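Have it open while you read, as I go from point to point.

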Amino acid sequence: MITLKDAKRIIEAAEKKAVEIGQPMNIAVADAGGNLISHARMDGAWLGSIDISIKKAYTSRAFDIATKDLATHSQSGGQFFGIHASNDGKIMIFAGGIPLKVDGKVVGAIGVSGGSGDQDHAVAEAGAAAL
């Protein structure tokens with residue numbers, strides 16, 4: 001189980017990475033059910049990325065996969081083509097969502113949005129490493 005204290009630590013680590021790369025981000029942490037525990041919008045982060053970060057966390061938990069990997073499989077001709085239209089539009093198929101694991105079990109997810117896909121993923125990885 002991810003507590004609010006855990007979520008704050010994850011967000012803090014992600015914020016540190018975002019500052020390091022010079023890109024303000026929206027950072028969301030979801031629990032094992034995909035429900036939002038905590039969210040932070042760094043100063044200067046895009047407003048439109050609030051929703052995206054939350055949906056990346058949901059997507060990553062809903063399918064227990066990094067969203068960048070899901071994106072690879074959801075292109076035309078891929079095994080998950082069209083998945084973004086499922087779950088009432090809550091599925092995000094680009095980088096920035098990572099499942100959070102404890103002892104190999106998925107206990108939640110982090111979603112990050114506000115930069116390039118590579119930047120979002122790197123910030124999410126930094127946050128996930130703090131768990």
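1. Let's start with the helix pair. The axes of helix 1 (residues 4–21) and helix 4 (residues 117–129) come within 7 Å and cross at roughly 140°. Helix 1 is therefore oblique to helix 4. On the terms: axes are lines fitted to C-alpha atoms, for helices over the stretch in contact, and angles run from 0 to 180 degrees between N-to-C directions. Angles under 35 degrees count as roughly parallel, over 145 as roughly antiparallel, 65 to 115 as roughly perpendicular, and the rest as oblique. Helices (H or I, at least four residues) and strands (E, at least two) are DSSP runs, numbered from the N terminus.

2. Who makes that contact (heavy atoms within 4.5 Å)? From helix 1 come Ile10, Ala13, Ala14, Lys17, Ala18 and Ile21, and from helix 4 Gln119, Ala122, Val123, Ala126, Gly127 and Ala128. By class, that is 9 nonpolar, 2 polar and 1 charged. Here Ala, Val, Leu, Ile, Met, Phe, Trp, Tyr, Cys and Pro count as nonpolar, Asp, Glu, Lys and Arg as charged, and the others, Gly among them, as polar.

3. A word on the source: this is a predicted model, where local features need pLDDT of at least 70, side-chain atom pairs count only at pLDDT 80 or more, and totals for chains, interfaces and linings use all residues. Residues are numbered from 1 along each chain as its sequence is written, and side-chain values use heavy atoms, with hydrogens and water left out.

4. Now the sheet: 4 strands, open, in the order 2-1-4-3, with antiparallel pairing. Two strands pair if DSSP finds at least two bridges between them. Strand 2 (36–41) and strand 3 are the edges, each pairing on one side only. On average, neighbouring strands are turned by 20° against each other, direction ignored.

5. Strand 4 (residues 105–113) has 8 of its 9 residues buried, so the rest of the structure largely encloses it. Buried means under 20% relative accessible area, exposed over 50%, partly exposed in between (1.4 Å probe, protein chains only). Strand 1 (residues 26–30) pairs with strand 4 over 5 antiparallel bridges; isoleucine 27 partners valine 112, and alanine 30 partners alanine 109.

6. Strand 3 (residues 97–102) pairs with strand 4 over 6 bridges, also in the antiparallel sense, with leucine 100 opposite glycine 108. Their hairpin has 2 residues between the strands, and aspartate 103 takes a positive phi near 50° there.

7. Back to helix 4, which lies across strand 3 and strand 4, at about 140° to strand 4.

Methods:
Contact = heavy atoms within 4.5 Å.
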